[in-house]
Amino acid sequence: MDKDSFGTYHPIICFGYFCAVIILSMIYLHPALLLFSFFGSLFYGIYLGEKKAAKFFCCLPLPVILISMVMNPLFNHRGATILFYFRDNPVTMEAMIYGLVSGLMFASVIMWFYCYNHVMTSDKFMYIFGKAAPASSLVFSMVLRFIPRYHRQTKTVSQGQTCMGRGVGNGSFRQKIKHGAAILGIMTTWAFENAIDTADSMKARGYGLKGRSHFSIYKREGRDLAAGIFVAAALAAVIAGGFAGYNTPDYYPVIYIPRAGVPGTINYICYFCLCFLPIGLDIKEDIKWRYLRSRI
């Protein structure tokens, strides 16, 4: 059983979903919408990466939120509510809240990209864009695949060199530079050899030949159509709410949050369901799987 149920949906559905939530997170700075996006991406990321996701959140998104909340009032002095003065410059509540909201926006986008990196593998990306732009999609896919491989190989080479007393932490400053240059040379040679092997493999498989067919394991199912309709309907409702003014509050000179009413509430519910769709599908599948196992 695949742990991530949402990741087993058709690649076009997954790619379209991530594009939708990332773009909406960058456009609408409404506190409620950003909280939905932030916690939706955070819970989904923790579900995918568990401890690694929590460590990633503490290392990047969380500091981004704190730094934005602290730094914005120091450089932006707009706002009607002055909390205190710092070096004769007013620190306003509006600037601090706007910094917090901006930090939530950046953190949400970062976490959504973290989830995207786990769900959208290189073969899914090639499936979507391979026919439309085969060369560009192949290069992009190879770059995304090469970076983690290069990182792992660098750690392996560095550990081997350290065991021989030739690591970057051994010897004098001049010797450290020499050892680092040696590791860089080894990795450069490895990268060129890997590129040649890849080129020979692609040539042997007939890449670039006219009339070459494409193999794919992805098939459209009924659940993909249902998920696509749900994402499209929720996206349309949120965009309509944005045009109606429910998703665009004002932070300067005073904070103004538009009154929701019934249409605005529907808009917020649709955005909530959109952001929590992946984790909801995963939880549903887990409950179903545990129920079936209990019947055995």
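At 24% relative accessibility, Phe56 comes out as partly exposed (buried is under 20%, exposed over 50%, partly exposed in between, with a 1.4 Å probe and protein chains only). Keep in mind that this is a predicted model, where local features need pLDDT of at least 70 and side-chain atom pairs pLDDT 80 or more, while totals for chains, interfaces and linings use all residues. Residues are numbered from 1 along each chain as its sequence is written, and side-chain values use heavy atoms, leaving out hydrogens and water.

**Aromatic pairs**

- The tally is 19 aromatic pairs (ring centres of Phe, Tyr or the six-membered ring of Trp within 6.5 Å; planes under 30 degrees apart are stacked, over 60 edge-to-face, the rest tilted).
- One of them is Phe56 with Tyr114, a stacked pair at 4.8 Å centre to centre, with 20° between the planes.
- That pair bridges distant stretches of the chain: Phe56 sits in helix H3 (residues 51–59) and Tyr114 in helix H5 (residues 93–119), 58 residues apart (helices, H or I of at least four residues, and strands, E of at least two, are DSSP runs numbered from the N terminus).
- Tyr98 and Tyr251 go edge-to-face instead, with centres 5.4 Å from each other and planes at 70°.
- Tyr98 belongs to helix H5 and Tyr251 to the loop between helix H9 (222–243) and helix H10 (261–275), so this pair ties together parts that are 153 residues apart in sequence.
- With a relative accessible area of 25%, Tyr98 is partly exposed; Tyr251, at 6%, is buried.
- There's a ring cluster as well: ring pairs join up Phe6, Tyr9, Phe15, Tyr17, Phe18, Tyr44, Trp112, Phe113 and Tyr116.

**Nonpolar surface patch**

- Which residues make the nonpolar surface patch of about 980 Å²? The members are Ile67, Val70, Met71, Leu74, Phe75, Leu83, Phe84, Phe86, Met93, Ile255 and Ile257.
- Helix H4 (61–75) and strand S1 (82–86) each put at least two residues into the nonpolar patch.
- H4 gives the largest share of the patch, with five residues.
- Leu83, one of the patch members, is part of strand S1 and is partly exposed, with a relative accessible area of 42%.

- Going from Tyr252 to Pro253, the peptide bond is cis, and its omega is near -5°.
- You'll find Pro253 in the loop between H9 and H10, and the buried Tyr251 is in the loop between H9 and H10 too.
- Arg87 isn't a glycine, yet its phi is positive, at about 55°.
- The loop between S1 and strand S2 (89–92) holds Arg87, which is exposed at 72% relative accessible area.
- Asp88 also has a positive phi, near 65°, in a residue other than glycine.
- The loop between S1 and S2 is where Asp88 is found, and with 73% relative accessibility Asp88 counts as exposed.

Methods
Patches are made of residues with over 30% relative accessible area and no salt bridge: like charges are joined within 9 Å, nonpolar side chains (Val, Leu, Ile, Met, Phe, Trp, Tyr) within 5 Å. Accessible areas come from the Shrake-Rupley method with a 1.4 Å probe; for residues, only the protein chains shown count as cover. A salt bridge is a side-chain nitrogen of Lys or Arg within 4 Å of a carboxyl oxygen of Asp or Glu.
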